[in-house]
Amino acid sequence: MGSASLILLLICGMAFAAGGILLSLLLAKSSKNSQKGLPYECGIDTIGPSWIQFNVGYYLFALIFLVFDVELVFMYPWAVVVKEVGMIALFEIIIFLFILFMGFIYAWKKGALKWM
Amino acid sequence: MNTPTPYSFASLATGIHAWLRQAISNDTLLQVTEMVITGVCLLVFLVLLCFFLGYMERKVAAFMEIRLGPNRVGPKGSLQIVADTLKLLFKEGLTPNGADKFLFNLAPGIMVVTSMMAVAPIAFAKNFQIWDINIGVLYVSAISSMAVIGILMAGWSSNNKYSLIGAMRSGAQIVSYELSIGLSLITIVILSGSLQLSEIVESQANGWWIFKGHIPVIIAFVIFIIASTAEINRAPFDLTEAEQELTGGFHTEYAGMKFAMFLLSEYINLFIVSAIAATIFLGGWMPFHIGSLPAFNHVMDYIPSFMWFFGKTFFIVFIIMWFRWTFPRLRIDQLLNLEWKYLLPISMVNILIVTAMAIFGWHF
């Protein structure tokens with residue numbers, strides 16, 4: 001169907017989500033209660049603000065992920081032509097992965113992969 | 001290969017196209033009409049699929065635990081999910097007091113849109129795709145990784161500690177396991193030399209990659225299944241919504257239809273990863289062929305292609321549901337260890353082996 005299908009799917013998704021939620025707005029009963037809007041913590045009142053500090057480890061993993069994600073994007077076009085290029089492609093990817101792996105082992109040894 | 005199959009979606013689609021071309025002379029109008037028809041069919045299909053997957057999930061759970069499962073509403077409980085959806089429709093959609101209202105309402109929409117857009121390149125039957133994009137594999141992995149934005153948005157905007165922790169976990173988990181998914185998809189891209197899903201399926205005409213590719217492809221398949229289970233936040237990797245620790249994780253504060261949207265996108269994602277695994281590794285709609293046995297291949301061709309596709313897809317769906325009742329949930333550090341210290345190095349070495357295999361022609 002060509003690239004027009006992207007717009008079609010986008011519209012379908014948005015219309016479905018919006019339609020479902022709007023329909024439930026029309027159908028659902030609503031009641032007023034001062035306690036209803038409180039953050040849900042199994043019935044106990046929340047202490048302090050909800051937007052709290054979280055572990056820095058999540059960020060570290062996201063940073064290492066970035067390196068590997070770029071690597072992955074590079075590997076897609078390489079993977080398509082690898083059969084035609086032949087041995088050079090193999091050597092190239094060995095060197096590429098070797099350098100990447102060195103960096104990965106460095107991050108590992110530095111403790112970036114350790115959960116604190 | 002050119003045996004006429006008895007039930008062909010492709011001929012149905014071309015038939016409708018030819019008929020519409022007769023009826024409507026204007027090209028733009030024709031395209032719009034076809035898009036509307038496709039859109040309506042797709043939505044109906046996806047909703048029915050989600051009903052079926054919800055029913056299947058509960059029946060598989062019951063089967064694993066030697067229970068009966070839903071059996072009151074409709075024959076064998078098959079209308080239970082419809083009843084649940086109606087219930088959710090009549091529930092009030094809450095928005096917590098301190099929430100970021102715009103992001104809170106946008107998040108379920110983003111989840112649904114991303115999971116629906118990933119359906120585009122999937123080959124449901126022979127020559128039956130919404131869009132046969134030439135970078136299909138890349139497209140699916142790019143679109144499906146957008147889901148993490150919806151989850152982070154939902155968790156952050158809810159103004160709830162459980163939601164925030166769940167979203168953060170999910171962020172770390174989804175981006176980590178995306179690498180293994182990408183690397184295991186690349187093994188097949190190397191072997192088939194194409195990113196287009198229809199060409200990858202065609203390359204399996206004399207045997208599926210999981211049989212042709214020896215042990216490295218089997219390793220890639222196993223890694224893909226593990227990583228995609230984590231990518232769609234299903235048990236044993238459901239830290240994002242671990243009921244016992246975080247009540248509902250990132251969707252704790254969601255109720256009614258907005259919650260149903262998360263559920264819907266979760267089931268569509270489950271279908272998509274299973275469909276991709278079936279297409280890439282198990283031949284998609286390609287019947288089971290053995291290289292030099294034309295008689296056997298001919299018999300297999302008589303089973304319609306959509307049955308092959310859905311058979312394989314639901315087989316993988318069943319395996320992923322089976323995981324849920326077999327393995328205990330991992331801790332966050334165990335989860336990240338599994339990815340970074342085992343799956344990622346293994347799949348990188350695996351890529352090298354597969355490259356050598358493709359260049360020297362060791363595969364069948």
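A crossing of two helices counts as left-handed if the near helix is turned anticlockwise from the far one by less than a right angle, and as right-handed if it is turned clockwise. Helices (H or I, at least four residues) are DSSP runs, numbered from the N terminus. With these terms in hand, helix 12 of chain B passes helix 14 of chain B in a right-handed crossing. The model is predicted, so local features need pLDDT of at least 70 and side-chain atom pairs count only at pLDDT 80 or more, while totals for chains, interfaces and linings use all residues. Residues are numbered from 1 along each chain as its sequence is written, and chains are lettered from A and ligands numbered from 1 in the order in which they are written.

Helix 12 (residues 256-280) and helix 14 (residues 305-324) of chain B have axes 8 Å apart and pack at about 120°. Axes here are lines fitted to C-alpha atoms, for helices over the stretch in contact, and angles run from 0 to 180 degrees between N-to-C directions. That angle makes helix 12 of chain B oblique to helix 14 of chain B (under 35 degrees is roughly parallel, over 145 roughly antiparallel, 65 to 115 roughly perpendicular and the rest oblique). Residues are in contact if their C-beta atoms, placed from the backbone, lie within 7 Å. Helix 12 of chain B brings residues including B:Leu270, B:Phe271 and B:Ser274, and helix 14 of chain B brings B:Phe309, B:Lys312 and B:Ile316, among others.

A second pair is formed by helix 7 (residues 161-192) and helix 15 (residues 332-360) of chain B, whose axes come within 9 Å and cross at roughly 15°. Helix 7 of chain B is therefore roughly parallel to helix 15 of chain B. Their crossing is left-handed.

Turning to a loop, B:Ser78 sits between helix 2 (27-64) and helix 3 (80-89) of chain B. B:Ser78 is partly exposed, with 15 other C-beta atoms within 10 Å (20 or more would be buried, 12 or fewer exposed, and partly exposed lies in between, with C-beta atoms placed from the backbone). From B:Ser78 to B:Lys59 is 19 residues in sequence and 9.7 Å in space, C-alpha to C-alpha.

Finally, the contact between the chains takes 55 residues from chain A and 64 residues from chain B. On the chain A side, helix 1 (4-27), helix 2 (57-85) and helix 3 (87-109) each supply at least two residues. Helix 1 of chain A gives the most, with 18 residues.

Methods
Contact = placed C-beta atoms within 7 Å.
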